[in-house]
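Please read it alongside the sequence and the coordinates.

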Amino acid sequence: MKEYQTTEIRNIALVSHNGAGKTTFVERLLFDTQVTTRMGQVDNGSAAMDFEEEEVNRQSSIATAIAPIEWKDTKLNLLDTPGYVDFVGEVNSALTVTDGALIFVEAVAGVEVGTELVWQSTGDRKMPRLLLINKMDRENVRVNRVMSSINQNLDGNFIQLQLPIGEGTEFKGVVDLLSMKARMEDGSGASDIPDDLADAAEEARFLLIEAAAEGDDDLLMKYLEGEELSEEEILLGLKAAMLSTQVVPIIFAAPQAGIAIHPLLETLIELFPKPNEVGSFTAINAAGEEEENEVDDISPLAAFIFKTREDQYGKMSYLRIFGGILESDSRIWDSAIDSEVRVATINVLRGRETISVDRLHSGDIGSVNKLGDAATNDTLCDQGHKLTMPPIDQPNPIVAVAVHPVSQSDVAKLTTALSRLAAEDLTLHWNSERATRETILSGMGSVHVDIAVKKAQSKFGVNLTSTIPKVPYRETITRTNSSNYTHKKQTGGSGQYARVFLRVESLGDDEEFEFESEVFGGAISAPYVSAVQKGCRQALENGAMAGYPMTGIRAIVYDGKEHPVDSKEIAFQIAGRECFRKAALGAGPVLLEPIYEVTVTVPADNMGDIMGDLNSRRARVLGMDQEATRAIVRAEVPLAEMQSYTADIRSMSQGRGVFSMKFLRYGRVPAHLQEQIVAAKQKEKEQE
Ligand SMILES: Nc1nc2c(ncn2[C@@H]2O[C@H](COP(=O)(O)OP(=O)(O)OP(=O)(O)O)[C@@H](O)[C@H]2O)c(=O)[nH]1
Ligand SMILES: [Mg+2]
């Protein structure tokens with residue numbers, strides 16, 4: 001592959017609701033630029049971009065794949081992201097390393113929940129955007145309908161760059177409003193505008209020129225003075241207006257049928273910014289200061305790892321060069337692990353295929369194999385000029401399952417497999433929950449977590465079953481209580497003897513455990529006091545009431561008795577443990593449950609249902625907001641009530657609702673529920 005300079009590169013993320021045709025679009029471009037001899041199809045598993053086993057099975061993308069499209073001395077790095085909401089992590093990482101977003105809107109469906117989400121995230125990032133009304137060849141396409149869906153649901157200044165010629169099965173091509181020429185399906189150059197579209201084209205062009213003029217002060221002056229703007233000037237103005245996010249141009253295509261592809265490619269190259277045109281990048285240097293550098297080969301090296309993937313050949317780190325040039329066969333610095341890493345071969349990726357290159361210039365995207373301990377979010381730099389770029393912003397998990405290894409060999413491999421899965425996907429988390437002794441895998445939705453379980457099997461050979469996780473309750477006390485306990489055991493020779501007097505007091509919410517000694521006059525000696533503390537800690541772990549870990553307790557040992565022969569540390573440990581349990585049981589023990597802050601975003605029409613439902617989940621509403629047509633509710637909700645929320649919110653809002661959640665604190669379980677939980681736990685114990 002030719003070596004591309006910064007100005008010859010465009011990095012574009014393809015984003016949308018699932019199934020809007022992103023992957024098919026890339027397959028069409030790979031075919032049209034003679035990379036493939038047959039066009040790959042998502043539906044029969046032949047797509048170069050959907051190469052993962054689960055993608056072939058599901059006929060839909062689950063991870064971002066990259067295609068370098070070479071066209072007229074320019075390389076477009078297209079990042080084909082998955083549209084399904086569960087894979088939002090892949091979208092976030094793609095948006096972090098691209099300079100613009102091509103948003104696909106399915107021509108029949110119009111704006112869908114996934115469209116709104118990517119609209120929001122690209123808007124938050126102030127990215128230049130282009131809207132592609134896609135699958136124009138589908139039966140039942142009505143351009144008016146999809147345009148009004150866009151105008152009603154997305155908040156932006158849209159401007160048509162093209163007029164479609166025909167719609168649905170009659171879709172034949174587009175009128176390019178810049179050149180005022182028709183571009184027909186066969187890809188053959190330009191032709192005259194069909195007569196029946198001439199007036200409409202003039203009208204639309206007028207709006208386009210106006211929008212372009214507003215993008216640049218000099219152009220605006222010229223325009224207001226009544227001068228004619230050249231095609232180049234219009235493009236310039238439009239590009240500037242897009243870069244400052246003032247304007248979002250709209251184009252049309254039907255990639256599967258190959259209609260209106262070449263004009264689209266040209267538009268992408270002309271309108272999306274070069275990597276050096278979006279402004280400098282920020283990184284923290286060795287002195288801990290923020291440093292700004294241009295995206296330029298002469299800037300200090302900064303290569304950001306935005307994705308890690310493992311296959312049978314080992315680990316691949318996907319990176320984007322922000323500053324400097326990354327050379328193959330070099331040794332560079334990983335600022336996150338503060339260590340040198342060796343860059344052997346550098347590859348450019350095309351789906352699963354790797355094409356080796358000597359170097360990557362600033363702005364480019366590629367991958368390096370076996371980069372030692374380097375991980376996603378690390379920045380590679382020069383040892384003499386250390387730089388650290390900010391990590392990719394990812395949401396917290398919203399769905400969790402408990403995973404159980406099937407056989408003994410699966411037990412041994414479990415943690416390695418989960419760690420490797422989580423390293424590949426930063427929205428996938430795992431932890432061992434001490435309160436329930438379960439291994440928890442959590443992610444962005446049930447499909448996300450299901451696929452992770454399948455990958456554990458297919459990639460790492462670990463068989464897992466999954467269940468709904470138990471709620472990790474805790475126990476605490478509500479008042480002070482004192483107790484004493486004697487541990488006495490006499491079996492033949494020397495026995496065991498310990499007597500302990502202990503008081504428990506309730507601590508603040510955030511404190512877990514404190515231990516004090518008020519033992520006076522050496523009633524028990526120092527090593528035995530420590531043994532009592534150890535015993536208290538054991539009791540803390542195992543709970544007093546229902547076997548959940550206890551928290552928020554201060555234990556004070558204030559008296560005791562030892563025996564010159566029979567007292568041993570183990571005896572005091574046991575006495576401490578039992579005394580603590582006894583004291584805690586008499587100190588008004590209560591159950592605590594994890595409470596999350598939940599933010600729900602739904603179409604305003606669904607607000608009533610969502611509020612009613614939240615109430616039935618013991619939620620405490622913290623606030624409500626309205627943004628355009630959407631309502632946002634913030635509430636505190638116990639985790640126990642959130643187990644099936646992903647499915648429930650989908651059905652309540654016809655798939656248009658989304659939510660996020662983050663752990664807030666532990667809160668008191670209401671008395672009537674506490675009784676049920678304790679009883680259930682007791683039953684469980686009896687059955688063991
Ligand atoms: N009629 C028509 N169908 C298309 C076109 N492009 C894609 N499709 C079909 O739409 C479906 C989804 O296409 P994909 O390319 O997988 O869409 P995607 O956006 O990559 O989907 P996700 O990866 O799941 O987000 C497939 O069945 C395609 O065959 C098109 O131009 N016209
Ligand atoms: Mg896809």
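This is a predicted model: local features need pLDDT of at least 70, side-chain atom pairs count only at pLDDT 80 or more; totals for chains, interfaces and linings use all residues.

1. The protein is divided into domain 1 (6-277), domain 2 (281-388), domain 3 (399-470), domain 4 (475-588) and domain 5 (591-673). Taken over C-alpha atoms, the centres of domain 2 and domain 5 are separated by 41 Å.

2. The largest nonpolar core holds 164 residues, and the members touching the most others are Ile103, Val105, Leu132, Ala253 and Ala302. Strand E34 (residues 590-603) contributes the most to this core, with seven residues. There is also a second, separate core of 33 residues, with Tyr497, Leu502, Ile553 and Val557 among them.

3. Alanine 253 may be examined individually. When its neighbours within four places in sequence are set aside, alanine 253 is in contact with Leu132, Asn134, Met136, Ile259, Ala260, Ile261 and Leu264. One of these contacts, Leu132, is listed with Ala253 among the residues that touch the most other members of the largest nonpolar core.

4. Helix H3 (residues 88-97) is mostly covered, as 10 of its 10 residues are buried. The buried residues include Glu90, Asn92, Ser93 and Thr96, as well as Val88, Val91, Leu95 and Val97.

5. Which residues come nearest to ligand 1? Of the 22 residues around ligand 1, they are Thr23, Thr24, Ser61, Gly83 and Gln256. Helix H1 (residues 22-32) gives the most to this shell, with three residues.

6. An open sheet is formed by four strands in the order E7-E8-E9-E10, with antiparallel pairing. Strand E7 (162-165) and strand E10 (190-191) stand at the edges; each has a single partner strand, so one side of each is left without a neighbour in the sheet. E7 and strand E8 (residues 173-176) pair over four bridges in the antiparallel sense. Glutamine 162 has aspartate 176 in E8 as its bridge partner.

7. Is glutamate 686 buried or exposed? Glutamate 686 lies in helix H16 (residues 671-687). Glutamate 686 is exposed because 7 other C-beta atoms lie within 10 Å, where the exposed class requires 12 or fewer. The C-alpha atoms of glutamate 686 and asparagine 293 are separated by 65 Å, and these residues are 393 residues apart along the chain.

Methods:
Residues are numbered from 1 along each chain as its sequence is written. Chains are lettered from A and ligands numbered from 1 in the order in which they are written. Domain bounds come from an automatic or database domain assignment. A nonpolar core is a set of buried Ala, Val, Leu, Ile, Met, Phe, Trp, Tyr and Cys residues joined through C-beta atoms within 7 Å. A residue is buried if 20 or more other C-beta atoms lie within 10 Å of its own, exposed if 12 or fewer, and partly exposed in between; C-beta atoms are placed from the backbone. Helices (H or I, at least four residues) and strands (E, at least two) are DSSP runs, numbered from the N terminus. Two residues are in contact if their C-beta atoms, placed from the backbone, lie within 7 Å. A residue is near a molecule or strand if its C-beta atom, placed from the backbone, lies within 6 Å of it. Two strands pair if DSSP finds at least two bridges between them.
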